[in-house]
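Please keep the sequence and the 3D view open while reading.

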Amino acid sequence: MGRDERGVTPQQEDFSAWYNELVAKAQLVDRGPAKGTMVIRPYGYRLWELLQDELDRRIKDTGHENAYFPLLIPESYLRREADHVEGFSPELAVVTHAGGKELEEPLIVRPTSETIIGEMMAKWISSHRDLPLLLNQWANVVRWELRPRMFLRTTEFLWQEGHTAHADEADAMRETMLALDVYAEVARDVAAIPVVAGEKTPGERFAGAVRTYTIEGMMRDGKALQAGTSHYMGSNFAKAFDIRYTSEAGQQELCHTTSWGMSTRMIGGVIMTHGDDKGLVLPPRMAPYQVVIVPIGRGEQGVQTSAAARELAGRLRAAGVRTHVDDRAQLSPGFRFNDWELRGAPLRLELGPRDLESGTVVMARRLGDDGKQSIPLSSAPELIPGVLEEFQAFLLRRATEFRDAHTVTADTWDSFTEAVTSGWALALHCGEPACEAGIKAKVAATPRCIPLDGAEESGRCVLCGEPSAYGKRVVFGRAY
C-alpha cells in the first residue's frame, strides 16, 4: 500500500499520518509559530462557526446567558481549590513579567475559568432570588501541551464553558445532566457522531469536581474521543470563593456549582469519525459548503455552464443550502472533483454542455452506493434538501454500525485485551485506582465512562477478580 495521487496515507497503513496530512491538505489548519499552537484556516474555522451556532442556540434556549471573563487569572485564585490547582499545575502557562517589570503576583493564562467566575459569582449572588445563575463563555484557553495534535490536543484551543450556581445539589445535578444532554444532541444531530453518555470513574474526574459526566465517540481506528464533559462541583468552589446566598428562611447557605465544556476537538472528532482514504467526509449540518457545483466546458460552453451554475447556486441558497460554485477553469474537472472529495463536500453537482441541453445536472454524493445520477435542473432546489438530510442520517447510521461492530462484551482478560486493540471493551471493574492504573499500564486502555443507559449487572473485575463497584459494565478503550 502507498499514498494515493493526492498524497494522503491510507487509514489502514497509518491512521495518525492520514489525519495529520488531511487536516493540512484540506486547508483546515496550519501549525502556529509557538510550540503546540494551531492557525485555524477559514475552511476549518467555518466548521467551528457552524458547530458554535448550533450549540450556542441550544445553550441560550435553556436559559443561559453569554458573558466574557479575563484571560489572565491571579495565581492565588487557582490555589484556593487544592484539587483544582494540583490537577492543572503541569499544564499552566504563567506570566511573571509585564510592562517591563516583574509582577508582584504571577498571572495564569486561562486554562479554564472556574476560579475567576467563582470570584464574580460571590459578588453577584446574595439571595436565593439570584439563583440559579446560568452563565456561558465562548473563549480561548491555554494548557501547555507536550504532544500536540491539531484540533485534538493543542496548547491553545477554542471552546465554550458553562458555569452555573444553584441553591442545592438536586438543582445543580439537573443542570449537569441538562448540559450533557445538549452535548449528546449536538454530537448526534449535528456532527453525526453516535456518542455514549456516562459518568467518569473517580480517577478520571475533572480536578475539583464531585462528579464528572462525558460523551464518548468512537473514531474509525477504534479509539475513543472525549467529546464534551459536564461537572457537578458540589460546594467545593463555593467554599473556596465564598459563594453564598441567603435562603428563604434567612440562613446563609453555600451554593452548588457546575461547569461544562465542548471545544474545537469536536472538529477532530468529525474528521476521524467520518473521513476515509479520499479525505474528509462532512455531515451536511456542519459542512461549510453542503453543495459544490462544478461547471464543465471550454470557451463559450464554459461561459454558459458557469452562468447556469451561478443561477442554480442562487436558487439553492434561497432554499437554505450552503452552495459554492467551483469555476476554476484553469483546473480540470477531475482535479476539482478530487479536491472537493478531499475537502468533504457532501454533494457535488456536475454541469456540462450536454446537461444544460437536457435541462439536468449530475449529482454525486460524497459517500454511499448510489453513484452519480441526473436530476432536473428546475427541481434541484426542491430535491436537494431532502438528499442532504438522507446523507446526514446515513453518516450517523454508518458510524453507529461501526461503533457497535467494534464494541465487545469482555468477561476474560484475553477477550478484553483483544477488544481494546481495535475498539472498546464493556467490562466489569472493581473501581480501585491501582487496578485502573494496572489496566492502563498493560494495554494502554482507560475507563471511558460508566454508561448511563448500561444494564444493571454484578460480577468480578476483569483484571483483579474483586467484586465490581459500579453495578454495570464500564466502557474501556484507548483514547485520544
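How does the lining of the largest cavity divide by class into nonpolar, polar and charged residues? By class, that lining has five nonpolar, five polar and one charged residues, where Ala, Val, Leu, Ile, Met, Phe, Trp, Tyr, Cys and Pro count as nonpolar, Asp, Glu, Lys and Arg as charged, and the others, Gly among them, as polar. The model is predicted, so local features need pLDDT of at least 70 and side-chain atom pairs count only at pLDDT 80 or more, while totals for chains, interfaces and linings use all residues. Residues are numbered from 1 along each chain as its sequence is written, and side-chain values use heavy atoms, with hydrogens and water left out.

**Cavities**

- Rolling a probe the size of a water molecule over the atoms shows where empty space is left.
- The structure holds three cavities of 30 Å³ or more. A cavity is a set of points, on a 1 Å grid over the protein atoms alone, where a 1.4 Å probe fits but cannot get out, and lining residues have an atom within 4 Å of a point. Grid points are joined across faces, edges and corners, and a volume is the space filled by probe spheres set on the points.
- The largest cavity holds about 70 Å³ of space. Its lining consists of E114, I117, G118, M121, H163, T164, M233, F237, I243, T257 and T258.
- Two or more of these lining residues come from each of α5 (114-124), β8 (156-166) and β14 (256-263). Helices (H or I, at least four residues) and strands (E, at least two) are DSSP runs, numbered from the N terminus.
- α5 gives the largest share of the lining of the largest cavity, four residues.
- The second largest cavity holds about 60 Å³ of space and is lined by F337, W340, E341, A345, P346, L347, R348, A364, R365 and R366.
- At least two residues of the lining of the second largest cavity are supplied by each of α10 (333-342), β17 (347-351) and β18 (360-365), and the largest share, three residues, comes from α10.
- The lining of the second largest cavity has six nonpolar, no polar and four charged residues.

**Second largest pocket**

- The volume of the second largest pocket is about 400 Å³. A pocket is an open set of points with protein on both sides within 12 Å along at least five of seven lines.
- The pocket is lined by 20 residues, of which V196, A197, P451, D453 and G454 are the closest to its centre.
- α6 (169-189), β9 (196-199), α12 and β21 (424-427) each supply at least two residues of this pocket lining.
- The lining of the second largest pocket divides into 12 nonpolar, two polar and six charged residues.

**Helix packing**

- Two packed helices are described by the angle between their axes and the distance between the axes.
- Helix α9 (residues 299-318) packs on helix α12 (residues 380-405) at an angle of about 55 degrees, with the axes 9 Å apart. That angle makes α9 oblique to α12. Axes are lines fitted to C-alpha atoms, for helices over the stretch in contact, and angles run from 0 to 180 degrees between N-to-C directions. Angles under 35 degrees count as roughly parallel, over 145 as roughly antiparallel, 65 to 115 as roughly perpendicular and the rest as oblique.
- α9 and α12 cross in a right-handed sense; a crossing is right-handed if the near helix is turned clockwise from the far one by less than a right angle, and left-handed if anticlockwise.
- L312, R315 and L316 of α9 meet A380, P381 and I384 of α12, with contact meaning heavy atoms within 4.5 Å. The residues of this contact are five nonpolar, no polar and one charged.
- Helix α13 (residues 413-422) and helix α14 (residues 433-443) pack at about 60 degrees, with their axes 11 Å apart. α13 is therefore oblique to α14.

**Backbone**

- The peptide bond from L131 to P132 is cis, with omega near -5 degrees, and P132 is in the loop between α5 and β7 (133-142).
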